[in-house]
Amino acid sequence: MLQLPATLTHAQASACLRDLGQALAAEPSAAVLDASALTSFDSSALAVLLELQRTGARAGKVLAVQGLPARLLALATLYGVQSLLGAGAAPLAASPSTTA
């Protein structure tokens, strides 16, 4: 299972995308990304998730995201990209801090 870090802002986005992209490449045809550790984020977190979905799709892989914080899901809904995240599970009820 892939794991998002506790903090994912613009400052961490490139390194996070690189590391998770490499981990996704090593996964079989389907992978799960756990976002439950994510507590501090900005809109860069959405950019990372969307690019991981694109990377997986290009490689013929399905990426399921679970444990999305409610505030990140709300941000995705505001931007109109919620359906692109691959988030089948209900979001976490806690409201982590954001800096978006």
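Tutor: Let us begin with two helices, H2 and H3, which are roughly perpendicular to each other (65 to 115 degrees; under 35 is roughly parallel, over 145 roughly antiparallel, the rest oblique). Helix H2 covers residues 44–58 and helix H3 covers residues 70–79, and the two pack at an angle of about 75 degrees with their axes 10 Å apart. Axes are lines fitted to C-alpha atoms, for helices over the stretch in contact, and angles run from 0 to 180 degrees between N-to-C directions. Helices (H or I, at least four residues) and strands (E, at least two) are DSSP runs numbered from the N terminus. This is a predicted model, in which local features need pLDDT of at least 70 and side-chain atom pairs count only at pLDDT 80 or more, while totals for chains, interfaces and linings use all residues. Residues are numbered from 1 along each chain as its sequence is written, and side-chain values use heavy atoms, leaving out hydrogens and water.

From H2, the residues that make the contact (heavy atoms within 4.5 Å) are Ala 45, Leu 46 and Leu 49, and from H3 they are Leu 72, Leu 75, Ala 76 and Tyr 79. Sorted by class, this contact of H2 with H3 has seven nonpolar residues, no polar ones and no charged ones.

Because Arg 54 and Glu 51 are three residues apart in helix H2, about one helical turn separates them. Arg 58 counts as exposed at 61% relative accessibility (over 50%, with buried under 20% and partly exposed in between, using a 1.4 Å probe and protein chains only). Arg 54 is partly exposed, with a relative accessible area of 43%, and Glu 51, at 21%, is partly exposed as well. The structure holds three salt bridges, and one of them lies between the side chains of Asp 19 and Arg 18, at 3.4 Å, N to O.

The sheet comes next. It is an open sheet of three strands in the order S1-S3-S5, with parallel pairing (DSSP finds at least two bridges between paired strands). Strand S1 (2–3) and strand S5 (62–66) are the edge strands, each pairing on one side only. H2 packs on this sheet, touching S3 and S5, and its direction makes about 150 degrees with that of S5. Two bridges join S1 to strand S3, residues 30–34, and Gln 3 has Asp 34 as its bridge partner in S3. Five bridges join S3 to S5, where Val 32 stands opposite Ala 64. In a regular strand the side chains alternate between the two faces of the sheet. In S5, Leu 63 and Val 65 form the covered face, whereas Val 62, Ala 64 and Gln 66 form the uncovered one.

Conventions:
Ala, Val, Leu, Ile, Met, Phe, Trp, Tyr, Cys and Pro count as nonpolar, Asp, Glu, Lys and Arg as charged, and the others, Gly among them, as polar. A salt bridge is a side-chain nitrogen of Lys or Arg within 4 Å of a carboxyl oxygen of Asp or Glu.
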